[in-house]
Amino acid sequence: MALFGAAIAPMPALAADKVRITGFSDVPFGVVSVTTDQTLSQSICAYSSASTGGYWVSAQGSGSGGAFTLDSGAAQLPYDVYWADSSGQTGGRQLTAGSTATGFTSAISQQFCNSGPPTSASLTIVLRASVLTGAIAGSYSGTLEITLGPE
């Protein structure tokens, strides 16, 4: 199941400020247990050239109105999205579809994370057991678009 896309969009900031995100990969949950929350995280490179290293994050899913949902064609499963501004995390600040979360900081000094730490942020996707217990068997997929901007 493919859950990740990435976009970079400008927000009001200095004209020279830039952000870059790299290192995303698909999130393959595979066959899931319906008795416990299913959580998958990945560490990525989030870079901001702002003097403080500050950036904002916005996310939008492929569900109706940008909702975070996976679709099988016969049913939909909502999922939760979390962002942390440090790598190796399995949680963070919960994102709301279409809303901007501000106040994140990157300590990365090189936009491709090829000098110093290779990652600087974590993205976590959670399928809740409370949703999975009522799910219809099938193959589900969806797309998640992440947008960053400098602060």
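**Entry 1: the core**

A nonpolar core is a set of buried Ala, Val, Leu, Ile, Met, Phe, Trp, Tyr and Cys residues joined through side-chain atoms within 4.5 Å. Buried means under 20% relative accessible area, exposed over 50%, and partly exposed in between, with a 1.4 Å probe and protein chains only. I am working on a predicted model, where local features need pLDDT of at least 70, side-chain atom pairs count only at pLDDT 80 or more, and totals for chains, interfaces and linings use all residues. Residues are numbered from 1 along each chain as its sequence is written, and side-chain values use heavy atoms, with hydrogens and water left out.

I looked up the largest nonpolar core and found 28 residues in it. Tyr55, Trp83, Leu144, Ile146 and Leu148 touch the most other members. Next I asked which strands supply it; strands (E, at least two residues) and helices (H or I, at least four) are DSSP runs, numbered from the N terminus. Strands 2, 3, 4, 7, 9, 10 and 11 each supply at least two residues of this core. Strand 10 gives the most, with four residues. As a background note to myself, nonpolar side chains tend to be buried together in soluble globular proteins.

**Entry 2: strand 4 and its partners**

I turned to strand 4, which covers residues 54–61. Seven of its eight residues are buried, so I noted the strand as mostly covered. Which strands does it run antiparallel to? I found strand 9, joined to strand 4 by four bridges, and strand 11, joined to it by seven bridges. Two strands pair if DSSP finds at least two bridges between them. On the strand 9 side, serine 58 stands opposite threonine 100. On the strand 11 side, glutamine 60 has glutamate 145 as its bridge partner.

**Entry 3: the disulfide**

How many disulfides are there? I counted one, taking a disulfide as a pair of cysteine sulfur atoms within 2.5 Å. Cysteine 45 is joined to cysteine 113, with 1.8 Å from S to S. The torsion about their S-S bond is about 80°, so the disulfide is right-handed. Cysteine 45 lies in strand 3 and cysteine 113 in the loop between strand 9 and strand 10, so the pair ties together parts that are 68 residues apart in sequence. Both cysteines are buried, and cysteine 113 has a relative accessibility of 7%.

I also checked the backbone of cysteine 113. Its phi is near 55°, a positive value in a residue other than glycine. Most residues other than glycine have a negative phi.

**Entry 4: the salt bridges**

I searched for salt bridges, each a side-chain nitrogen of Lys or Arg within 4 Å of a carboxyl oxygen of Asp or Glu. There are two in the structure. One joins the side chains of arginine 128 and aspartate 37 at 2.8 Å, N to O. This pair links distant parts of the chain, 91 residues apart: arginine 128 is in the loop between strand 10 and helix 1, and aspartate 37 in the loop between strand 2 and strand 3.

Arginine 128 also forms a salt bridge with aspartate 80, again at 2.8 Å, N to O. Aspartate 80 lies in strand 7, so this pair ties together parts that are 48 residues apart in sequence. Through shared partners, the salt bridges join Asp37, Asp80 and Arg128 into one network.

**Entry 5: two residues of strand 10**

Threonine 124 is in strand 10 and is buried at 0% relative accessibility. Its side chain makes a polar contact of 2.6 Å with the side chain of serine 41. A polar contact is a pair of N or O atoms within 3.5 Å; within protein, one must be able to donate a hydrogen and the other to accept it, and residues adjacent in sequence count only if both atoms are side-chain atoms. The threonine 124 side chain also reaches the backbone nitrogen of glycine 91, at 3.5 Å.

Serine 122 is in strand 10 as well, and I found it buried at 1% relative accessibility. Its side chain reaches the backbone oxygen of serine 86 at 2.7 Å. A polar atom of that side chain also lies 3.0 Å from the backbone nitrogen of glutamine 89.
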